[in-house]
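Student: Can we go through this one together? I'd like to start with confidence and then get to the packing.

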Amino acid sequence: MLKHYDTGLFYDEMMETGGTPKRHYRWFYELVEQFSGTELREKHDTAQLNFLRKGITFTVYNHTGGTERTMPFDFVPIIIPKPEWLKIEEGMKQRLNALNRFLDDVYHDQDIIKAGIVPRSLVEQNAYYYEQVKGLDVPLRNHVFLAGVDLIRDDEGQYRVLEDNLRNPSGMSYVFQNRYVMRQVYPELFFQHSIETLEHQLSELQQILISHVPLNADSTKTPTAVLLTPGMYNSAYYDHVFLAQQMGIELVEGRDLIVKDDVVYMKTIRGLKRVDIIYRRIDDDFLDPEAFRPDSALGVPGLLRAYKEGNVSIVNGIGNGVADDKAMYVYVPDMIRFYLDEEPIIPNVETYFLSDPERLEYVLEHLDELVVKNVGASGGYDMLIGPQSTEEERDLFRQKIIETPSQYIAQPTIKLSRAPAYQEGRFYPCHVDLRVFIMNGEEPHVLPGGLSRVALKEGSLVVNSSQGGGGKDTWILTEGGDSNA
Amino acid sequence: MLSRVADSLYWLGRNMERAENNSRVLSVQLIHILEASEGQLLDRNWEEVIEICASIQDYYDRYDRIDKETVTHYLATSPLNMNSFMNCMVYARENAKATRDIIPEGLWEVLNEFHLEQKDWQEQPATSQHIQHYLKKVMTTSMTAQGVVESSMSRDLPYTFLKVGKWLERGEKVSRVLNVFCEKNRKETESRTSSYYYWLTALQFTNGYDAYIKNHPPTMEPKHVLEFLIKEPAFPRSIRYCIDHVKEAIHRIEGGKVSHYSADLFDMIERIQEEIEEADIENMNMEQLMYFLDHFQNRCMTLSRMFSETYYLVEPVSVK
């Protein structure tokens, strides 16, 4: 099957340049060789249908409205040997600790600004910095209950952080569903491998969630937690349903909640019931029309007051956006050094600020080699991939950059690693990345594996599901690379 | 349980039941017109079907003709008809989607599968065969969904709200069917054959023919049919059975007790039960029966409103 597979000039997760599988993929390779073409096609179709039938979809919005789509699933897993994973795990914990310390700091004493490490303007003029929560002591001093950190590998196979998501990272449900489908449709593949299980991870998540007890909660009772969703038309609604259901908490919308005397209640068939912890999947701006955008119909009037009074916990914290935008990203290694006095275990991708005139000049001259991103955008929108762009696209970006240079950053085009994908009856190499999920309460806990995203359009570098990306299962081998347990 | 969730479950029960019942009515009607000779079938027959499944007023606001194709389209797939089966199924799926964390996975999958297949159906030509196939699909989807509910849901609050919606919808629908046939009977004092034909249709519309014929072989006395569909305690589609089960469901919600906030609700149900009990179907003429059925439908609306208010399914008046 993989006989004519060409790794090209890229680092390949599975194959060596010579066409043999890497050690930790050897068993997988042999098992796949045993499948016939028909079997592979049938299994592929069964797997895709499974997502459709179960309605595991996300909604894509365009000018004609929303359409429900499934995320294409690719069965070739990303396999990570244990020692490599342990390093990622340490790196993620380290990074999250630093980011959390940073968030607590910028909303309190601002030591990192005073020390001259992060410019004041970058913090206080950030659109996601909220004066409203300055000086607020949040439960456990934890601002990030669930983070999603996107990792890539360069042409040396070195893992690098591409992006931190500290607001509302989605996709955790896919980690579980990908594994579920994989086990249903490709059980043969599991016989020879001993991999980290995902069981207990959701009860861990639930435990961590309810550890965020607000100051004034009734300590004699188990706190009541809810998941606040924008509703069924939100693109990540399935993620919300899944997490609420698995954690055994109510899935509420803004209209289900009411604040009375600075206490939050949900409206039940037996009247009002007090809510202690809100895992919100609504953006800051929409949380409370009294405190933020007055036109928000998704939020709950008075929520911020209840939060400030210590009557309710809101996770992830309000104002986390200041730490995870593409400009602040550049400073994360410095945060790690400043707060933890450690060197970053997983490095960043080299990044240029365009507010620096010399850099700006360089970038404008080398647009065809670089990746340019809007610091405020996400999901693969408003970005230019130099080597794959047309002259017109580059001209458009040149204008945009000259207009507001501080709105953009540039990065060298990394030769993103690739892995085989099986679609339409053949294997071909596709670029991949890995979203690692980190839960944080008393201490951070990393979900083993994560969501491997794959750019299924041949040659494409964009893995976002809204732009044709797919998902893969991610295996952490519990034993050495050539396990056959 | 959240009030919004309870409301969605209640409507999930209603929408599935409505889609199934309306499909059955149209399906039966389409078979009847195959059997009826030209000219026997009047516009009025279509009007009756529309009156059972939607609103004749609404229909004539949109169309100035009445024929098989137009009515079928209007009842089955018209996005403009709030009560078209397609809309009922779309609403039901949305109700299910809004309560996915509460209902059994299988229930959601059944409704989602219908939704996925519906797209194919829309592309097919509207031949009689395809229409019958579609109507059958609606009915089996509803029945499969009920099977999932009965076999896998705990008998607690979500189950109960679903069932209250179902019983109320069913009771109301049966009374609408009977109302139309009483009206017909009153207007057309024709031969016994056509009267036989009406009441047979009424039984088929309400899915009661098989059960009725076991009790009353092989007669088709109007009084018997009416008595059966209104008062038969053992038949799960009779008005009485539906109301008894609404009461039982609400009892379950209340743990068998009557509290101050639910007292009015129980009073209303008991009043409706008494009214059914006291109705002397045998000796009522068609006008009286129609009055009784109209009155019952109003009672159902009141009951539905009181139920919603008792459990805050509607936005409660703000408490200061």
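Tutor: Here is a quick tour of confidence, the chain contact, helix packing and sheets.

Student: What should I know before reading it?

Tutor: This is a predicted model, so to speak of local features we need pLDDT of at least 70, and side-chain atom pairs count only at pLDDT 80 or more, while totals for chains, interfaces and linings use all residues. Residues are numbered from 1 along each chain as its sequence is written, and chains are lettered from A and ligands numbered from 1 in the order in which they are written.

Student: What are the ipTM and pTM scores?

Tutor: The model has ipTM 0.86 and pTM 0.90.

Student: And what's the mean pLDDT of chain A?

Tutor: Chain A has a mean of 91, with 97% of its residues at 70 or more; pLDDT is the predictor's confidence in each residue, from 0 to 100. For chain B the average is 90, and 94% of the residues score at least 70.

Student: Where does pLDDT stay under 50?

Tutor: In chain A that happens over residues 481-485, where the model has 13 contacts beyond four places in sequence. Two residues are in contact if their C-beta atoms, placed from the backbone, lie within 7 Å. In chain B, pLDDT stays under 50 over residues 316-320, which have zero contacts beyond four places in sequence. Where pLDDT is low, the predicted coordinates should not be read in detail.

Student: OK, on to the interface. How many residues does the contact take from each chain?

Tutor: It takes 18 residues from chain A and 17 residues from chain B. On the chain B side, the elements giving two or more residues are helix H1 (3-35), helix H5 (85-98) and helix H6 (105-123). Helices (H or I, at least four residues) and strands (E, at least two) are DSSP runs, numbered from the N terminus. H6(B) has the largest share of that side, five residues.

Student: And how do the residues on that side divide?

Tutor: The side of chain B that touches chain A has eight nonpolar, two polar and seven charged residues. Ala, Val, Leu, Ile, Met, Phe, Trp, Tyr, Cys and Pro count as nonpolar, Asp, Glu, Lys and Arg as charged, and the others, Gly among them, as polar.

Student: At what angle do H5(B) and H6(B) pack?

Tutor: They pack at about 140°, with their axes 10 Å apart. That makes H5(B) oblique to H6(B). Axes are lines fitted to C-alpha atoms, for helices over the stretch in contact, and angles run from 0 to 180 degrees between N-to-C directions. Angles under 35 degrees count as roughly parallel, over 145 as roughly antiparallel, 65 to 115 as roughly perpendicular and the rest as oblique.

Student: Is the crossing left-handed or right-handed?

Tutor: H5(B) crosses H6(B) in the left-handed sense. A crossing is left-handed if the near helix is turned anticlockwise from the far one by less than a right angle, and right-handed if clockwise. Residues in the contact include Met89(B) and Ala92(B) of H5(B), and Leu111(B) and Phe114(B) of H6(B). By class there are eight nonpolar, three polar and one charged.

Student: How does H6(B) sit against H7(B)?

Tutor: The axes of H6(B) and helix H7 (residues 128-152) of chain B come within 9 Å and cross at roughly 170°. That makes H6(B) roughly antiparallel to H7(B). Among the residues in that contact are Leu111(B) and Phe114(B) of H6(B), along with Thr141(B) and Val148(B) of H7(B). The classes are nine nonpolar, four polar and one charged.

Student: What about H2(B) and H8(B)?

Tutor: Helix H2 (residues 43-53) of chain B packs with helix H8 (residues 157-187) of chain B at about 150°, axes 9 Å apart. That makes H2(B) roughly antiparallel to H8(B). Their crossing is right-handed.

Student: Switching to sheets in chain A. What's the order in the three-strand one?

Tutor: The open sheet runs S8-S9-S10 (chain A), with antiparallel pairing. Two strands pair if DSSP finds at least two bridges between them. Strand S8 (257-260) and strand S10 (271-274) of chain A are at the edges, each with a single partner strand, so one side of each has no neighbour in the sheet.

Student: How many bridges between S9 and S10 of chain A?

Tutor: Strand S9 (residues 263-268) of chain A and S10(A) pair over four bridges. Met266(A) has Lys273(A) in S10(A) as its bridge partner.

Student: And the four-strand sheet?

Tutor: That open sheet has the order S7-S6-S11-S12 (chain A), with parallel pairing. Its edge strands are strand S7 (250-252) and strand S12 (313-315) of chain A. The twist averages 30° from one strand to the next.
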